[in-house]
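The model is shown first, and the notes follow by topic.

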Amino acid sequence: MEKSQIEKLIIIGSGPAGLTAAIYAARGSLNPVVISGREAGGQLMLTTDVDDFPGFPEGVQGPDLMDKMRKQAERFNTKFINEDVLSVDLKSRPFTIKSESRTLKSDSLIIATGASAMWLGLESEKRFIGKGVSSCAICDGFFFKDKNVVVVGGGDTAMREAQYLSKLCKSVTLVHRRDTLRAQSALVELVKSKPNVKFIWNTIIEEILGQDKVSGVKLKNTQNGQISTLEVDGAFIAIGHKPNTDFLKGQLPLDKKGYVVVKNETHTEVDGVFVAGDVSDYHYRQAVTAAGAGCKAAFDAEEYLENLK
Ligand code: NAP
């Protein structure tokens with residue numbers, strides 16, 4: 001194979017981690033190729049007001065922030081491929097990356113594929129996805145204007161979803177399986193201040209009810225087993241995320257939840273393969289920490305490529 005067909009650096013993923021890595025790598029003359037994924041932009045594409053990303057005193061909309069990051073990467077000649085990666089071969093060098101329509105070779109790799117929303121795993125939930133069941137209030141909230149909805153979960157995502165929906169919907173009921181929320185207190189206070197939001201504690205959803213679309217949920221109290229029905233038009237599942245690492249199985253060590261195991265900072269167990277953002281970080285999970293990790297990964301890839309010479 002001719003050297004010209006081998007990329008110096010391929011970045012998989014186009015959230016804050018992948019795009020920041022691209023900006024730094026492109027400015028470092030690595031001519032990075034970003035395989036952005038079909039759902040380019042990552043989780044911030046599903047977010048409205050981002051008030052904690054530095055540099056935006058008035059806040060910024062998630063999709064606007066991602067658009068700006070992408071344009072910044074493009075300004076320094078980053079090449080984008082708008083496809084999903086299907087598989088990688090990290091056992092021989094250069095590494096092989098197969099996307100939907102092509103096979104690429106690269107001397108180094110940054111994995112920044114992030115994490116996706118998790119579902120409850122109910123048969124009825126699957127049946128009603130797109131017919132009243134959603135994992136994204138920003139994407140689907142509009143369809144529930146002046147209607148009654150339920151949000152499941154007790155973390156920041158659930159609070160954000162409830163806050164967003166409270167602006168659109170007639171009522172929002174937040175159902176949580178315990179009586180303590182793990183969300184940050186500022187968000188909890190904000191949600192609790194909304195007059196059309198109520199909480200149901202120690203409760204799980206047993207079934208999503210309806211014919212062609214959602215008409216309610218069957219609830220079970222985890223303390224006394226009591227079953228009840230709540231009439232709603234929509235159910236928003238906000239119970240956390242799963243790392244997007246299925247394509248790495250057998251190629252890179254993953255932990256039991258599927259997150260990439262990190263050896264040191266952005267280094268993985270495979271020399272030349274680096275990682276950044278939520279795909280390995282289940283603790284901080286912020287746009288700004290993902291961006292910081294993307295910067296570090298680009299530096300580490302650059303250093304690795306220097307040593308290869
Ligand atoms: P999370 O913190 O892991 O919370 C998931 C919630 O869902 C928990 O309350 C959990 O209950 C509940 N849950 C999990 N599986 C469930 C099931 N099968 N049935 C019912 N409930 C279930 O996830 P997250 O809210 O997505 O947040 C993830 C990270 O992103 C956090 O670090 C968070 O700070 C960050 N984040 C930040 C913002 C922001 O605006 N700053 C917004 C979104 C996310 P238990 O509490 O009982 O475990």
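**Salt bridges and accessibility**

Glu-306 is partly exposed, at 48% relative accessibility (buried means under 20% relative accessible area, exposed over 50%, partly exposed in between; 1.4 Å probe, protein chains only). The model is predicted: local features need pLDDT of at least 70, side-chain atom pairs count only at pLDDT 80 or more, and totals for chains, interfaces and linings use all residues. Residues are numbered from 1 along each chain as its sequence is written, and side-chain values use heavy atoms, with hydrogens and water left out.

**Count**
- Nine salt bridges are present in the structure (a side-chain nitrogen of Lys or Arg within 4 Å of a carboxyl oxygen of Asp or Glu).

**Glu-306 and Lys-309**
- Glu-306 pairs with Lys-309 in a salt bridge, with 3.1 Å between the closest N and O atoms.
- Lys-309 is exposed, at 80% relative accessibility.

**Asp-246 and Lys-249**
- A salt bridge joins Asp-246 to Lys-249, and their closest N and O atoms are 3.3 Å apart.
- Asp-246 is partly exposed at 49%, whereas Lys-249 is exposed at 56%.
- Through shared partners, salt bridges connect Lys-242, Asp-246 and Lys-249 in one network.

**Glu-83 and Arg-102**
- Glu-83 and Arg-102 form a salt bridge with an N to O distance of 3.8 Å.
- This pair links distant parts of the chain, 19 residues apart: Glu-83 is in the loop between strands E5 (79–81) and E6 (85–89), and Arg-102 in the loop between strands E7 (95–99) and E8 (103–111) (strands are DSSP runs of at least two residues, numbered from the N terminus).
- Glu-83 is buried at 11% relative accessible area, while Arg-102 is partly exposed at 36%.

Definitions and conventions. Helix = DSSP H or I, 4+ residues; strand = E, 2+ residues; numbered from the N terminus.
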